[in-house]
Amino acid sequence: MNPGINITVSYPDDRHIQMSCLTPEGKKVSGGRFRKYIANLNGARVKALAAVGIGTEPEYRRYGLVRKMLELSGEIAKNEGYLISILHPFSFAYYRKFGYDYKNGITTPDEEKLYRLEKHRSPKQRITNDE
């Protein structure tokens, strides 16, 4: 990560987690918003955390800010008992860099018309040449 950029975490309400990446001068250069859900997992109600918006100013891309926010959201999810992470990716190839890939290799929508992704422990093993 770029030296001098700090990530702050706030809870603006009971349903969201907000992350902001700030320069030493206080300028917000990247941010992420995560929403708390209760999901149905095989009939059980479980806590889920969804990335609902992540972005970075163009001149601050490639500093690992999105990666750091995703890692931090994973730590928060684990510490707060969330069992599922939800993404709404604009690009599947982009999220492969962070260890996500199609669940069980299935690249078509399921009966709910959703693509299923899962996160693997070793992101570099899942990167393909189509990125």
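1. Basis of the values. Because the model is predicted, local features are given where pLDDT is at least 70 and side-chain atom pairs count only at pLDDT 80 or more, while totals for chains, interfaces and linings use all residues. Residues are numbered from 1 along each chain as its sequence is written, and side-chain values use heavy atoms, with hydrogens and water left out.

2. Overall make-up. The protein has three helices and seven strands, taken as DSSP runs (H or I of at least four residues for helices, E of at least two for strands) and numbered from the N terminus. Along the sequence these elements follow the pattern β-β-β-β-α-β-α-β-β-α. Of the 131 residues, 31% count as buried, where buried means under 20% relative accessible area, exposed means over 50%, and partly exposed is in between (1.4 Å probe, protein chains only).

3. The hairpin of β1 and β2. Strand β1 (residues 6–13) and strand β2 (residues 16–22) run antiparallel and are joined by six bridges; strands are said to pair if DSSP finds at least two bridges between them. The two strands form a hairpin with two residues between them, and within this pairing T8 has S20 of β2 as its bridge partner. P12 also lies in β1 and, at 48% relative accessibility, counts as partly exposed. The C-alpha atoms of P12 and R33 are separated by 10.0 Å, the two residues being 21 residues apart along the chain.

4. The pairings of β4. On one side of the account, strand β3 (residues 28–41) pairs with β4 in the antiparallel sense over twelve bridges, and I38 has K47 of β4 as its bridge partner. These strands form a hairpin with two residues between them, in which N42 takes a positive phi near 50°. Strand β5 (residues 84–87), in contrast, runs parallel to β4 and is joined to it by four bridges, with S85 of β5 as the bridge partner of L49.

5. Charges over rings. Two contacts deserve a look, a charge being taken to sit over a ring if NZ of Lys or CZ of Arg is within 6 Å of the ring centre and within 35 degrees of the ring normal. The charged end of R35 sits over the ring of Y37 at 4.3 Å from its centre, and K47 lies over the face of Y82, 4.5 Å from the ring centre. K47 is also the residue of β4 that bridges to I38.

6. The aromatic pair. Rings of Phe, Tyr and Trp (its six-membered ring) pair if their centres lie within 6.5 Å, and planes under 30 degrees apart count as stacked, over 60 as edge-to-face and the rest as tilted. By this rule the count comes to one aromatic pair. The centres of the rings of Y60 and Y63 are 6.2 Å apart and their planes stand at 45°, so this pair is tilted. Y60 is buried, at 19% relative accessibility, whereas Y63 is partly exposed, at 34%.

7. The second largest pocket. A pocket here is an open set of points on a 1 Å grid over the protein atoms alone, where a 1.4 Å probe fits and protein lies on both sides within 12 Å along at least five of seven lines, and lining residues have an atom within 4 Å of a point. The second largest pocket is lined by 22 residues, of which T56, V66, Y94, K97 and F98 lie nearest its centre. The elements giving two or more residues to this lining are β4 (44–56), α1 (65–79) and α2 (92–96), and the largest share, six residues, comes from β4.

8. F98. This residue is found in the loop between α2 and β6 (100–102), and F98 is buried, with a relative accessible area of 7%. F98 and L70 are 28 residues apart along the chain, and their C-alpha atoms are separated by 8.1 Å.

9. Two exposed loop residues. R62, in the loop between β4 and α1, has a positive phi of about 75° although it is not a glycine, and R62 is exposed at 82% relative accessible area. H88 lies in the loop between β5 and α2 and is likewise exposed, at 56%. From H88 to A51 the distance is 7.1 Å, C-alpha to C-alpha, across 37 residues in sequence.
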